[in-house]
Amino acid sequence: MEKIIIDGGVKLKGEVPVSGAKNAALPIMAASILSPGQSSIANIPQLRDITTMGDLLTRLGIGFQAEGGRVSLNTENISSVEAQYDLVRTMRASVLVLGPLLARMGEAIISLPGGCAIGARPINLHVMGLNKMGAEITLSEGYIKVRAKRLKGANIYFDIPTVTGTENIMMAAALADGVTVIENAACEPEVVDLADALISMGAEIQGAGTNVIKIKGKDSLRPLDYKIIPDRIEAGTFVVAAGITRGEVRIKDCNSGHMDAVIDKLSQAGVKIDQEKDALTVKGPDMLKPVDIRTTPYPGFPTDMQAQFMALMAVSHGTSLITENIFENRFMHVAEMRRMGADIKVEGATATVRGGKALKGAPVMATDLRASASLVLAGLAAEGTTVIDRVYHLDRGYQRIEEKLKPLGAKITRVK
Ligand code: EPZ
């Protein structure tokens, strides 16, 4: 098991590039299933989740190659329609092949994802939408089987704005017969990026980025040749890294227009942020101020930044309330931060963070992707040495984070 060791207390200085967005890459790789031929996607981050999606597509008979930041996919022949449990349980985003496989092949067999560290994360809304489009759904031995000769356009209302649910239905609707309207759709930039990728394949989609998306199905689509957006969560993580270490960092190759809520809350905390379209120059203050946040669907404060923001509040001067409204169990980083001396009390969906004392380095354990990022941030700010175990969680969403932090002066190493 690899570990990351950090000697904290260094003010980060310098420039750091942001990679492509994991949560745009995953649905757009799945979208290649919709059209037989040779597809190519650029600005793909080199992450464990991308490799896992590549393995899944390969098992479907798709030729998958990743060279640097570009993946190529040969989707001429799909020889299987099954996403097996061993892959699905390591990455829930495997569910994103459900819609495209059903639309292209007329059937799909997907292992039920099972729970994950941050919550039950059911896919009932994905299934409800496909069922409304005419799919026959059967559930047996932990697998969902969906079948439809040809999907029909339908009006679908989500009682929760599910990100991958919106993406699955959008992909299925792109080849359906007729018009599909998704109401209470997710508005995340990654949903918009998928819509743009589908439109580049010949799909007819309006309203992506709003709560109502209209898709007019086509008989066929072209293969895609597309470049994905930067990762707003990785970018936000680096903004916090500069803020929590009182550093001065320029974060480049990002899309600051996707980060309004994060920029607003970090500015309220006293972090100086000079915003350009594709870069942020960040200066951490000597005194951080406490700020309350509530996570909500985009354009609100993203749940994927909640743990990182909590690390910042743990060293701010005062008390802040952090309310997690999206997932029922996304406070696993709290117990680990307490080991570093953080004063945090959790009651239901709200954590009360009493900042003001310096954090102390300690051995801690990563529990899920974004929690592990928050422990890196806490380690950068803490006095002494922090050892983070189970860093495979970190590698799911951050491209060798220590290689990006070292040039900024961080004393961080990865050991076996
Ligand atoms: C996406 O997950 C992201 N993953 C998550 O990022 C992100 O945290 C989440 O959206 C929220 O923004 C990808 O895009 C691959 P949801 P997703 O469906 O689509 C409930 C990361 O760190 N729900 O929007 O699975 C669900 O339980 C990951 O990169 C249902 O009840 O999230 C949750 O409480 C973690 N039934 C809420 O909706 C359903 O059918 C939002 O979930 C679907 C969802």
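Lys 404 counts as buried, at 12% relative accessibility. Buried means a relative accessible area under 20%, exposed means over 50%, and partly exposed lies in between (1.4 Å probe, protein chains only). The model is predicted: local features need pLDDT of at least 70, side-chain atom pairs count only at pLDDT 80 or more, and totals for chains, interfaces and linings use all residues. Residues are numbered from 1 along each chain as its sequence is written, and side-chain values use heavy atoms, with hydrogens and water left out.

The side chain of Lys 404 meets that of Glu 234 in a salt bridge, at 2.7 Å from N to O. Here the pair links distant parts of the chain, with Lys 404 in helix α14 (residues 401–405) and Glu 234 in helix α8 (residues 232–244), 170 residues apart. Helices (H or I, at least four residues) and strands (E, at least two) are DSSP runs, numbered from the N terminus. Glu 234 is buried too, with a relative accessible area of 3%. A salt bridge is a side-chain nitrogen of Lys or Arg within 4 Å of a carboxyl oxygen of Asp or Glu.

The structure holds 21 salt bridges. One of them joins Glu 2 and Lys 416, with the closest N and O atoms 2.7 Å apart. Glu 2 lies in the segment before β1 (3–7) and Lys 416 in the segment after β24 (411–415), so this pair ties together parts that are 414 residues apart in sequence. Glu 2 is partly exposed, at a relative accessible area of 23%. Lys 416 is exposed, at 78%. Both residues belong to a network of salt bridges that also links Asp 395, Arg 400, Glu 402 and Arg 414.

Another salt bridge is formed by the side chains of Lys 345 and Glu 347, at 3.5 Å from N to O. Lys 345 is partly exposed, with 39% relative accessibility. Glu 347 is exposed, with 54%.

Thr 303 was examined next. Thr 303 sits in the loop between β18 (293–294) and α10 (306–314). This residue is buried, with a relative accessible area of 10%. A polar contact of 2.8 Å joins its side chain to that of Arg 330. A polar contact is a pair of N or O atoms within 3.5 Å; within protein, one must be able to donate a hydrogen and the other to accept it, and residues adjacent in sequence count only if both atoms are side-chain atoms. Leaving aside residues up to four places away in sequence, Thr 303 touches Thr 295, Glu 324, Ile 326, Phe 327 and Arg 330. Contact means heavy atoms within 4.5 Å.
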